[in-house]
Amino acid sequence: MSSQPNALSDRTMVISGASRGIGLAIAVAAAKQGANVVLLAKTAEPHPKLQGTVHTAVADIEAAGGKAVAVVGDVRNEDDVQRLIDTAVDRFGGVDICVNNASAIATGSTEDLSAKRYDLMQEINCRGTFLMTKAAVPHLRKSANPHVLTISPPVNMNPYWLGVHPAYTLSKYGMSLLTLGFAAEYAAEGIAANCLWPQTFIATSAVANMQDGTTLLSSSRSPEIMADAAVEILARPARETTGRCFIDADVLTEAGVTDLSRYGGGDHPQIDLFLD
């Protein structure tokens with residue numbers, strides 16, 4: 001939903017990790033507003049445990065009314081990211097929106113976390129956000145309403161979140177700090193850069209695969225709440241909406257949505273990471 005119907009019509013979005021979950025929901029919501037979507041993801045063939053590929057995502061986006069192109073690649077790879085941007089420019093004439101959605105999660109303690117998992121989180125989460133935005137900026141400059149949106153939390157220095165899983169916390173805060181840095185760096189050029197984070201756990205495969213995933217899913221909201229909030233932010237004037245860390249429920253409440261029960265989660269949905 002957006003308070004400005006069709007506000008994304010003919011705008012081109014590049015998005016990482018959108019073959020399922022929150023990323024796919026954002027892509028579909030943008031498509032319903034008439035957006036063109038070029039998505040980068042690694043899953044070209046069906047995964048035994050995870051639903052969705054880049055190709056099924058394209059089908060879902062087109063069914064929602066948008067135009068879509070899949071780019072099979074790794075957000076950590078500079079050449080793959082550039083291929084994503086080049087595809088958007090060649091197919092649709094430019095880039096108006098860059099969504100940094102791809103993210104890895106491993107919430108193990110310092111002693112339990114392998115160096116390989118540590119590197120994976122830092123590279124996908126931080127390096128990926130940097131590469132995507134860096135490659136998009138030359139084209140965002142040409143857009144009438146350019147936005148960067150990163151799926152990452154407000155930076156909360158509560159010792160609990162710093163201590164419960166330091167490596168994951170670092171990677172997500174890194175995404176947020178980069179994005180807030182982009183907002184300052186490109187403020188004079190009118191390129192918006194904001195973060196968006198859920199108030200509650202979101203019902204995705206990542207949550208389902210957590211240790212207490214079954215319990216968490218019962219109190220999680222659907223990915224559509226993040227998608228609707230994202231579309232609302234991306235419809236706003238870039239020069240008036242930048243350098244902020246938004247929470248999905250707050251965005252929708254501000255937009256006039258008074259009943260969030262449509263997104264599930266029960267009467268007392270589980271509060272998500274980093275907010276308390």
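## Pairing strands

Two strands pair if DSSP finds at least two bridges between them. Keep that rule in mind as you explore this predicted model.

Strand S1 (residues 12-16) and strand S4 (residues 97-100) are joined by three bridges and run parallel. In this pairing, methionine 13 stands opposite isoleucine 97 of S4. S1 also runs parallel to strand S2 (residues 36-41), and here five bridges link the two. Look for serine 16, which stands opposite leucine 40 in S2. To get from S1 to S2, the chain passes through helix H1 (residues 21-32), making a right-handed β-α-β crossover.

## A strand covered on both sides

Is S1 buried or exposed? Five of its five residues are buried, so S1 is largely enclosed by the rest of the structure.

In a regular strand, side chains alternate between the two faces of the sheet. On one side of S1 you will find Thr12, Val14 and Ser16, with Met13 and Ile15 on the other, and all of them are buried.

## The nonpolar core

The largest nonpolar core contains 83 residues. Met13, Val14 and Ile15 are among those with the most contacts inside this core, as are Ile26, Leu39, Ile61 and Leu196. Helix H1 gives the core its largest share, nine residues.

Now zoom in on isoleucine 61. Leaving aside residues up to four places away in sequence, Ile61 touches Leu24, Ala27, Val28, Ala31, Val37, Leu39, Gly66, Lys67 and Ala68.

Terms used:
Residues numbered from 1 in each chain as written. Predicted model: local features only at pLDDT ≥ 70, side-chain atom pairs only at ≥ 80, totals over all residues. Heavy atoms only, no water. Buried < 20%, exposed > 50% of the residue type's maximum accessible area, 1.4 Å probe, protein only. Helix = DSSP H or I, 4+ residues; strand = E, 2+ residues; numbered from the N terminus. Right-handed = clockwise from strand over helix to strand, strands pointing away. Core = buried A, V, L, I, M, F, W, Y, C linked by side-chain atoms within 4.5 Å. Contact = heavy atoms within 4.5 Å.
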